[in-house]
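Here is a short report for a reader meeting this structure for the first time. Please look through the sequence and the model before reading on.

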Amino acid sequence: MLSILEKPRGHGRLLVRSRAALASLVVPSLVVPSLAGLLCGLPSAGAQDYPSRPIRVITVTSAGGTSDIFMRALADEMHKGLGQPIVIENRPGGAFNIGARACAEAAPDGYTICILPGEPIVFNQFLFKSLAFDPAAFEPITQLFTIVQALVVSKALNVDTMQGLIALSKAKPGTLNYSTGSVPFGVFFDRVNREVGADIVRVPFRGGGEAVNALMTGATPVGFLGLSNVRGQMEAGLVTGLMVDSDRRSPLFPDMPTIPEATSREYASRSYFGLVAPPGTPKPITAKLQAEIARIAAQPDFLKKNFIERGLDPVTSTPEAFARFIQQDRALAARIVKEAGLEPQ
């Protein structure tokens with residue numbers, strides 16, 4: 001981000017060889033075009049037959065997190081539409097790189113797809129000296145949603161504003177820690193610590209479920225987490241919401257201010273999850289998956305239950321639109337990391 005406290009400005013090779021071999025054969029001229037026409041029809045035929053067996057979805061978070069819960073709900077509907085089971089496989093840890101690597105190394109046949117956040121797609125290449133996968137090589141399927149993230153604190157802290165949290169931190173330095181799964185929010189707290197003299201330390205977690213457990217026990221009493229992760233606890237009065245990162249208030253908690261309202265500043269980055277496939281997955285397959293997901297997301301009941309009530313803003317973009325978004329977000333990530341002075345580890 002320019003600043004969390006400053007407003008930002010502004011298997012085709014074999015097919016080719018086969019055609020070449022056909023062209024070199026001495027056969028009647030009418031036969032070659034007929035065979036070529038059949039060969040040209042093969043990719044679409046394969047997409048029409050897909051899927052013929054279960055599809056595995058790799059998630060990079062632990063069970064109980066926002067993306068895990070959403071993907072399981074989506075998988076149930078995809079099973080109905082595609083006629084094949086969708087099997088969820090959790091691969092958390094390693095700043096999301098473990099699951100991303102497993103995705104990159106899977107066969108590019110459409111039977112492994114992956115739900116990833118922005119970190120392994122755009123951020124981690126600037127934060128790690130080397131990665132075991134190429135983040136630019138994934139085949140985009142669709143950006144699923146952006147997440148409404150909420151800054152929440154344990155009720156035991158007895159604060160209800162960002163200013164109150166900062167004052168408590170300054171009064172008791174070194175005693176407060178926070179959790180978040182997002183690089184930009186880590187940068188957010190780093191800026192707050194530097195600019196106002198707060199002392200809130202980050203504690204890493206493998207997923208939203210674990211972070212919420214630590215929040216409830218008081219082990220990590222501050223969190224910038226997906227709204228769906230903490231909705232129940234907020235409604236029960238067990239945690240207090242201080243602000244949300246979206247550009248408008250959440251309909252679930254209309255009394256909770258946005259970052260601009262709570263800090264008089266803008267926030268330049270939003271957390272999101274998207275579906276990608278291993279490098280080289282045929283585009284007719286990614287297009288078919290995106291169309292099915294867009295169909296499901298447009299259903300009023302699914303939209304209300306799995307997007308709105310979970311604090312998610314639906315996107316379900318085309319593979320081409322998601323690819324353009326990734327390019328833009330990668331440029332933003334490079335700027336955020338540079339301006340935050342973060343060095344690859």
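## Model and confidence

This is a predicted model, in which local features need pLDDT of at least 70, side-chain atom pairs count only at pLDDT 80 or more, and totals for chains, interfaces and linings use all residues. Residues are numbered from 1 along each chain as its sequence is written, and side-chain values use heavy atoms, with hydrogens and water left out.

The pLDDT is the predictor's confidence in each residue, from 0 to 100. Its mean over the protein is 85. Of the residues, 86% reach 70 or more. Residues 1–45 fall below 50. That stretch still has 42 contacts in the model beyond near neighbours in sequence, a contact being heavy atoms within 4.5 Å. Where pLDDT is low, the predicted coordinates should not be read in detail.

Helices (H or I, at least four residues) and strands (E, at least two) are DSSP runs, numbered from the N terminus. Two strands pair if DSSP finds at least two bridges between them.

Strand β1 (residues 55–59) and strand β3 (residues 112–117) run parallel, joined by 4 bridges. Thr59 stands opposite Ile115 in β3.

## Helices across that sheet

Axes are lines fitted to C-alpha atoms, for helices over the stretch in contact, and angles run from 0 to 180 degrees between N-to-C directions.

## The five-strand sheet

Another open sheet has 5 strands, in the order β7-β6-β8-β5-β9. Here too the pairing is mixed. The edge strands, β7 (200–202) and β9 (239–244), each pair on one side only. Neighbouring strands are turned by 30° against each other on average, direction ignored.

Strand β6 (residues 176–180) runs parallel to β7, with 3 bridges between them. Tyr178 has Arg202 in β7 as its bridge partner. Helix α10 lies across β5 (149–154), β8 (222–226) and β9. Its direction is about 120° to β8.

## Two helix pairs

How do the axes of α9 and α10 cross? Helix α9 (residues 208–217) and helix α10 (residues 227–235) have axes that come within 10 Å and cross at roughly 30°. That makes α9 roughly parallel to α10, since angles under 35 degrees count as roughly parallel. The crossing is right-handed, the term for a near helix turned clockwise from the far one by less than a right angle. Gly208, Val212, Leu215 and Met216 in α9 meet Asn229, Val230 and Gln233 in α10. By class, this contact has 4 nonpolar, 3 polar and no charged residues. Nonpolar means Ala, Val, Leu, Ile, Met, Phe, Trp, Tyr, Cys and Pro; charged means Asp, Glu, Lys and Arg; the others, Gly among them, are polar.

Helix α7 (residues 162–171) and helix α8 (residues 183–196) have axes that come within 12 Å and cross at roughly 65°. This crossing is right-handed. Met162, Ile166 and Lys170 of α7 touch Phe188, Val192 and Val196 of α8. The contact has 5 nonpolar, no polar and 1 charged residues.

Technical notes
Angles under 35 degrees count as roughly parallel, over 145 as roughly antiparallel, 65 to 115 as roughly perpendicular and the rest as oblique.
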